[in-house]
Amino acid sequence: MDWFWDDNSNTYHQGVASAITKVLEFNNLVVLRDTFTDRAMLQSDRLITSLMVNGDIKIQQWEREMRDLIRQTYRAMYELAVGGRENMTQADYGRLGGMLQEQYRYLHNFAADLADGKLTLAQAQNRARMYIESSTQAFERAQAANYG
């Protein structure tokens, strides 16, 4: 069965809008959010390994790919909280853009530390994971904006 967003209750429902439906409880939504971020953290681990261990990519490519991963993760978190891309407003895109710009500034400093050899593999993986973990702020801010 499909899930749909109900604007009146700001919740996901299973079924069709014209019938009695099952509400996706908030704790289940959080489980979905956390599962998604766990998978994104595995991707960030692979990027660090490609850079630091395998030497498959250069620092500039790593930074671009991390930016993409951060953007995708933040956007997915925000969209999950507002009921999907079709519910995004200009204000939502503005909030999301502001969060991303802040993360990109931090990421650039991280890339400089990596280029300078200041971090061990474990330190780099932990730091990269923090960017993905921080994507939950997009979820929380979207929820707060959604409820006013």
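**Close-up views of a predicted helical model**

View 1. With a relative accessibility of 33%, R67 counts as partly exposed (that is, between the buried cut-off of under 20% relative accessible area and the exposed one of over 50%, using a 1.4 Å probe and protein chains only). This is a predicted model, where local features need pLDDT of at least 70 and side-chain atom pairs count only at pLDDT 80 or more, while totals for chains, interfaces and linings use all residues. Residues are numbered from 1 along each chain as its sequence is written, and side-chain values use heavy atoms, with hydrogens and water left out. R67 sits in helix α2 (helices are DSSP runs of H or I, at least four residues, numbered from the N terminus). Setting aside its neighbours within four places in sequence, R67 is in contact with Y104 and L107 (heavy atoms within 4.5 Å). R67 and Q101 are 34 residues apart along the chain, yet their C-alpha atoms are 10.0 Å apart in space.

**View 2. The length of α2 and what follows.**

**View 3. The largest nonpolar core.** This core holds 37 residues (buried Ala, Val, Leu, Ile, Met, Phe, Trp, Tyr and Cys, joined through side-chain atoms within 4.5 Å). The residues with the most contacts inside the core are W62, M66, I70, Y78, F110 and L114. Helices α1, α2, α3 (90–115), α4 (121–133) and α5 each give two or more residues to the core, and the largest share, 10 residues, comes from α2. Zoom in on F110: beyond its neighbours within four places, F110 touches I48, W62, L119, A124, R127, A128 and Y131.

**View 4. Helix α1 from end to end.** Helix α1 covers residues 26–52 and reaches 39 Å from first C-alpha to last, close to the 39 Å expected. Its buried residues include L29, V30, R33, T37, A40 and M41, and S44, D45, L47, I48, S50 and L51 are buried too. M52, also in α1, is partly exposed, at 31% relative accessible area.

**View 5. Helix α5 and its cover.** Helix α5 has 12 residues and reaches 17 Å, close to the 16 Å expected. Look here for the buried residues Q137, A138, F139, A142 and Q143. What covers them includes α1, α2 and α3. Just past α5, G148 takes a positive phi of about 75°.

Note on methods: The expected span of a helix is 1.5 Å times one less than its number of residues.
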